[in-house]
Amino acid sequence: MQGQKELEILGATLEKLQRNFGYPIHETDINYNSLEKVLSDVANKMGDNYPYFDPNYAGQMLKPPHPIARMAYTLAMHINPNNHALDGGRASSAMEKEAVADIAKMFGWDEHIGHLTGGGTMANMEALWIARKIHPDKIVVASEMAHYTHERISEVVGLGFSKVSCDQLGRMDLEALEDLLKTKNVGTVVATLGTTGTGSVDPLTKILALQKKYHFRIHVDAAYGGYFKLAENLDPETADQYANIHHADSIVIDPHKHGLQPYGCGCIIFKDALVGGYYQHDSPYTYFSSAELHLGEISLECSRAGAAAVALWATMKYFPIIPKGEFAQGLEKCHEAALKLYNLIENDETSISLFKPEIDIVVWAPKGDSLSSISNKSSDVFEKAAKKGVHLALIKIPVKLLSSSWNDVEKDQDYVTCLRSCLMKHEHFDWVDHIWKTIKDVSH
Ligand SMILES: *Cc1c(COP(=O)(O)O)cnc(C)c1O
């Protein structure tokens, strides 16, 4: 059993951890019989899930954490440090700082201020909260394909929000952006590098050119796509956006998406360390034994799992986030898997794609006479493939994103439901043919 080796290593390292303290970490007064009963209930209940870990699961943005992350998290959880302050999690706070500095370096920042968060939403919220501190009367704009939470977050932090139209590659339309810059008081442009729906990469380089003329902050939401900075096989145009990411004012990346981490691990980094000044708070019960800046002093959230930082640190030791490293190669494989699936779709008479994947998300549909019939067919394939153990996702694409290859299709509704696949596991590359065969088998 694969888990057996993990448990052995965990047992040995747990003993080692315990020796640091000289007395047992564990409670002794446990009724293991009833504990085991409850835990087997848990095992039964958890069977009611899709097999996210399986290479035939190629639907939503889900993948299992790497064993190193799972084990480091478990080990750290025996101490249960809290990274809201250095004293609440001494070792884990130090590890968080190291891990976050390495992420900042990956994006090209030798200096930064930032920390981990519960997830991408909290991380984006922090970015827009700072945006509000800097431009209290100006609005936030993000593309119509940006994550839906940007609009909500703007509402929460009390900023106006406008959507920018997208082009037919699902990227922010620059003319639409410039129109907004001319007519509205825009304080922050959110550029998404890897949209959640289609994996499109906004034209950051040209947004930076507009910044020179119109002066606004740029927040890069790379919650999903951030790690593709390391991939060296992207289209030159896509790679160019990643190459300019260091010009942004703030960046969000989710280690719990492509960073092999369990949920509860997002990250926000700011280029300008002076941003730290906006976080000042005066809590009578913060820990004062350290002169260093507490992570809790530069974070909106208070309590946070130190174990999440430990897991990330350990994963980054095991898989350094450097170009050409094993981790980078895994991402390149994901992109290749997406291109492989895209080519199968392009060469198939009965399928139609949305556009070529920029990273690892593919969107397509079975051909049909009208948008409604295509939508029905997509849903049908989605359900039938799942019964055969191949799990895809569905996405509603607005008509205006459809390119000329969709010209012959009757536009009897204003959106079309397509199939969507996030090929987030490097194993997907070897499984694409099987996945595609299953899809073809259930299509008619
Ligand atoms: C997933 C995602 C988010 C939200 O992050 P959570 O970790 O789910 O809170 C924000 N932006 C993008 C682009 C995402 O893909």
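Residues are numbered from 1 along each chain as its sequence is written, and side-chain values use heavy atoms, with hydrogens and water left out. Because the model is predicted, local features need pLDDT of at least 70 and side-chain atom pairs count only at pLDDT 80 or more, while totals for chains, interfaces and linings use all residues.

Start with helix H11, residues 306–318. Helices are DSSP runs of H or I with at least four residues, strands are runs of E with at least two, and both are numbered from the N terminus. H11 has 13 residues and reaches 19 Å from its first C-alpha to its last. That is close to the 18 Å expected at 1.5 Å a residue; the expected span is 1.5 Å times one less than the number of residues. Of its 13 residues, 10 are buried, so H11 is largely enclosed by the rest of the structure. Buried means under 20% relative accessible area, exposed means over 50%, and partly exposed lies in between (1.4 Å probe, protein chains only). The buried residues are Gly306, Ala307, Ala308, Ala309, Val310, Ala311, Leu312, Ala314, Thr315 and Met316. What covers them includes helix H3 (67–77), helix H4 (90–106), strand E1 (113–117) and helix H10 (255–258).

Now turn to helix H5, residues 120–134. H5 has 15 residues. From first C-alpha to last it reaches 21 Å, close to the 21 Å expected at 1.5 Å a residue. Buried residues of H5 include Gly120, Ala123, Asn124, Leu128 and Trp129.

H5 has a partner in helix H6, residues 149–157. Two packed helices are described by the angle between their axes and the distance between the axes. The axes of H5 and H6 come within 9 Å and cross at roughly 50°. That makes H5 oblique to H6. Axes are lines fitted to C-alpha atoms, for helices over the stretch in contact, with angles from 0 to 180 degrees between N-to-C directions. Angles under 35 degrees count as roughly parallel, over 145 as roughly antiparallel, 65 to 115 as roughly perpendicular and the rest as oblique. On the H5 side, the contact is made by Thr121, Asn124, Met125, Leu128, Trp129 and Arg132. H6 brings Thr149, His150, Ile153, Ser154, Val156 and Val157. Contact means heavy atoms within 4.5 Å.

Next, the cysteines. A search of the whole structure finds zero disulfides, a disulfide being a pair of cysteine sulfur atoms within 2.5 Å. The sulfur of Cys166 is 15 Å from the closest cysteine sulfur, in Cys418, too far for a bond. For Cys418, the closest cysteine sulfur is in Cys422, at 14 Å, again too far for a bond. Cys418 is buried at 0% relative accessibility, and Cys166 is buried at 7%.

Cys166 sits in the loop between strand E3 (161–164) and helix H7 (174–183). Its contacts, leaving aside neighbours within four places in sequence, include Ser143, Glu144, Met145 and Leu401. Cys166 and Lys400 are 234 residues apart in sequence, yet 8.7 Å apart in space, C-alpha to C-alpha.

Finally, two loop residues. His215 has phi near 55°, a positive value in a residue other than glycine. His215 lies between helix H8 (204–214) and strand E5 (217–222) and is exposed, at 55% relative accessible area. Leu260 has a positive phi of about 65° although it is not a glycine. Leu260 is in the loop between H10 and strand E7 (266–270). With a relative accessible area of 12%, Leu260 is buried.
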